[in-house]
Amino acid sequence: MGHWKRGLVGLGAASIVAASLMGTGAALAQDDEMIIGVSWNNYNEERWLNSDEPAIKAAVEAAGATYASTDAKSSAEQQLNDIDQLITQGADVLVILAQDQDAILPAVRQAEAEGIPVIAYDRIIQDPYVLYMTFDNVGVGRAMAEVIFGLVPEGNYAVIKGNEADENTRFLRGGMDEVIGDNWAPGAPGEHEPITIVCETYTDNWEPAKAQTNMENCLTSVNNDVQAVLAENDGMAGGVIAALEAQGLSIPVSGQDGDNAALNRVAQGRQAVSVWKDSRILGKAAGEAAIALASGTPKEQAIEGIIDFVSPNGTTLTSWFAELDVLTKDNVQNAVERGKITQEELCAGVEAGSIAACP
Amino acid sequence: MTNAVSQGTPATAPGARRSAASVFRSLEVDSRLLGMVITLIAIWIAFQILVPNGLFLSSRNLWNLSVQTAAVAVMATGMVLIIVSRNIDLSVGSVMAVVGMFMALIQARWIPTQLGFGFEQPWTWVVTVLAGLLLGAAIGGLNGLLVAFVGIPSFVVTLGGLLVWRSITIILSSGQTVSQLDPTFMLLGGGPRGSAGETVSWIIGIAVCAGIVYALYSSRRRRVRYGFPVRPLWSEVALGVLGCAAVLWAVWVANSFPWPTRLAEDYAAERGLAEVPVIGTGIAYPVLLALGVAAVMTILATRRRTGRYIYAIGGNPEAAELSGINTRRTLMWTFVIMGLLAAIGAIISTARTQSGTANAGEGMELSVIAAAVIGGTSFAGGIGTIPGAVLGALIIQSIITGMQLMRYDNSVVQIAVGVVLVVAVGIDTVARKRAR
């Protein structure tokens, strides 16, 4: 029993070594080829697999270059090894989705030493060497608040935030403040301010059921006197809406992600807005920028729309922000046109003709 | 019969001075359970004072609290048996998620679209619930098989399960939320329409009350028949009155929470009523489900062979095995039951959020274990009660809801729950040492 097990482990190890040797050999053999190396932090996440990677790959291959990728499986240490391996393979540009923005810095230094441009994809790497390409998360918060504030310019707001330990939660909240910041005052309802934030809670793991409980308790505490809810994503918006509807309330609620369930709610008029980050746009742009960088274009001109962005620790980063889709009942058909959701799914339970998307 | 009565000696000698301690002794209530009830009441009174406007003990908040506790309470009753048998199940949150997602897909995609039956078939929810229970039991059975028959430690098996079932949930749904659930199914999650209403709630309350009286009576008769000591009659009466009062009070609270005005207006419009009625909400369906589960599990744990075997195994596995208990099969059943309860938790949670979500129940295993442990379940095995676990779940949710109403931040709330967990077990441990 012990023998064959040990034999099997040995065989496995040998084949891994052989495979990596072969991989390296193949890459070294064709050094004239343009290689775009992509280091994913965790390929298992549905989004990277289904939206981002195909978009990057398509853009890279359309330019006749080779796409090479690694998966760090959520390990910062593994990611350093992965990047070593991509450099060894002869990558001309590195696209990195960092597991940890600090632990990744040695890899950035190494790439810089080798003269390989680096794109920080989706997640920030606070180092002036990189080209930072992402969605504007502050912009998402701003867009949500703009829609809700447009509908409810005065009254009581509830803010249902995401995970407390998540930097994104604060970016979103900061964006909301850019819209309602001058107008809101903390404190008890009834103060003579146009907007009063009567409840503001974090939600463990962005979990809808917890958001629902938070919203129920909020409604209890102010006896249903809430006119609008800023929920930081669509899943939580679902929980919030369930809590509101149990009280017979129908008020504007925000969300983000372009969840199909949320888009359906937008079409039904139960959710005011879902901000959709179409990661195919980001992926395509990153692929094209990578090709430009590999051909020697300086990063300031790698793609149209580059700006300087001052990061949280004060570093000025050459950055590019992908456009957001702010989907409300007036333009939710964009999601159908772009193949995000089928007409049938969008319009399930929607009164025919009530919005343009569902004739 | 009269002869038998004379054999039953009262636990307290008549005429003895009734100190508080002897009164409790005569009630013969599990002291730990009594301690928990007192703790819960103390927490409620404290929050009633601390929360502005006396909102905590309002019918609305208590009703919310009951629904918010339901899913964790259901799963905690199973966790008691798991921990009693000296095992652990870390996978319950993920199992709840995968079953919830499975049920969401059945009713929102597979039956209406893939199979072409369309939405709002009257039988959709029945098929969905049965399929969910089946999946839960099967996953529990797999866990049980690996633990009891292959001999892998339950910590390892269910830690693996935690990862595997969460990932399968994500794959099943491609990370998306699945909504458009069956309207009947969603009633199982509560809400004004997902509640029993005034009349039914009163009928249930009175039935439960009658059940308590009957249980006390039949237990007394049985004790008398076998010549066991019985409680003094006054203590039987006191228990009956207190039990009934608690049940009827709970029904009264649930009934005095009126439907929100706008829903009542909709209701009046539907029925063509000229005047908008005041409708008492009554006990929510998920709460009835949880109470039913707690009752069945209590009977299983205390009155059925499987339950007693589980306690025997937890008390001393070797002795249980030597005395001829089929320990493997019993453990297997424990995990099957846990799987079933995770599925019931999934029914409540999915119906309540009105959608299947990929991150449902993340970290729930910890709340469930905490509820069981605060409820007096011991990791040493062999000790733990079902009502204790339900009370444990209620205590945790009371703290969370109360502190939220006081507008504390989530992290402060988590600190409070953590401290209460350790203090509760600490007091229990010290008390048990002293009793020895």
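Helices, as the term is used here, are DSSP runs of H or I with at least four residues, numbered from the N terminus. In this predicted model, Phe149(B) is found in helix 6 of chain B.

Phe149(B) belongs to a nonpolar surface patch of about 680 Å², whose other members are Leu142(B), Leu145(B), Val150(B), Ile152(B), Phe155(B), Val156(B) and Leu159(B). Two or more residues of the patch come from each of helix 6 (124–150) and helix 7 (154–173) of chain B, and helix 6 of chain B gives the most, with four residues.

## Helix 7 of chain A

Helix 7 of chain A covers residues 208–221, and its 14 residues reach 20 Å from the first C-alpha to the last, which is close to the 20 Å expected at 1.5 Å a residue. This helix of chain A is mostly covered, with 12 of its 14 residues buried. Among the buried residues are Pro208(A), Gln212(A), Asn214(A), Met215(A), Glu216(A), Cys218(A) and Leu219(A). After helix 7 of chain A comes Asn223(A), whose phi is positive, near 50°.

## Strand 6 of chain A and its parallel partners

Strand 6 of chain A, made of residues 155–160, is mostly covered, and six of its six residues are buried. It is joined by six bridges to strand 8 (residues 195–201) of chain A, the two strands running parallel, and within this pairing Val159(A) has Glu200(A) as its bridge partner.

Strand 6 of chain A is also joined to strand 9 (residues 228–231) of chain A, again in parallel, by four bridges. In this second pairing, Tyr157(A) stands opposite Ala228(A) of strand 9.

## The three-stranded open sheet of chain A

Chain A also holds an open sheet of three strands in the order 10-11-14, with mixed pairing. Its edge strands are strand 10 (254–256) and strand 14 (325–327) of chain A, each of which pairs on one side only. Neighbouring strands of this sheet are turned against each other by 20° on average, with direction ignored.

Strand 11 (residues 273–276) and strand 14 of chain A run antiparallel and are joined by three bridges. Here Val275(A) stands opposite Val326(A), a residue of strand 14 of chain A.

Conventions
Residues numbered from 1 in each chain as written. Chains lettered and ligands numbered in written order. Predicted model: local features only at pLDDT ≥ 70, side-chain atom pairs only at ≥ 80, totals over all residues. Heavy atoms only, no water. Patch = residues over 30% accessible without salt bridge, like charges linked within 9 Å, V, L, I, M, F, W, Y side chains within 5 Å. Areas by Shrake-Rupley, 256 points an atom, 1.4 Å probe, with all protein chains shown as cover. Salt bridge = Lys/Arg side-chain N within 4 Å of Asp/Glu carboxyl O. Expected span 1.5 Å × (residues − 1). Buried < 20%, exposed > 50% of the residue type's maximum accessible area, 1.4 Å probe, protein only. Pairing = 2+ DSSP bridges. Axes fitted to C-alpha atoms, helices over the stretch in contact; angles between N-to-C directions.
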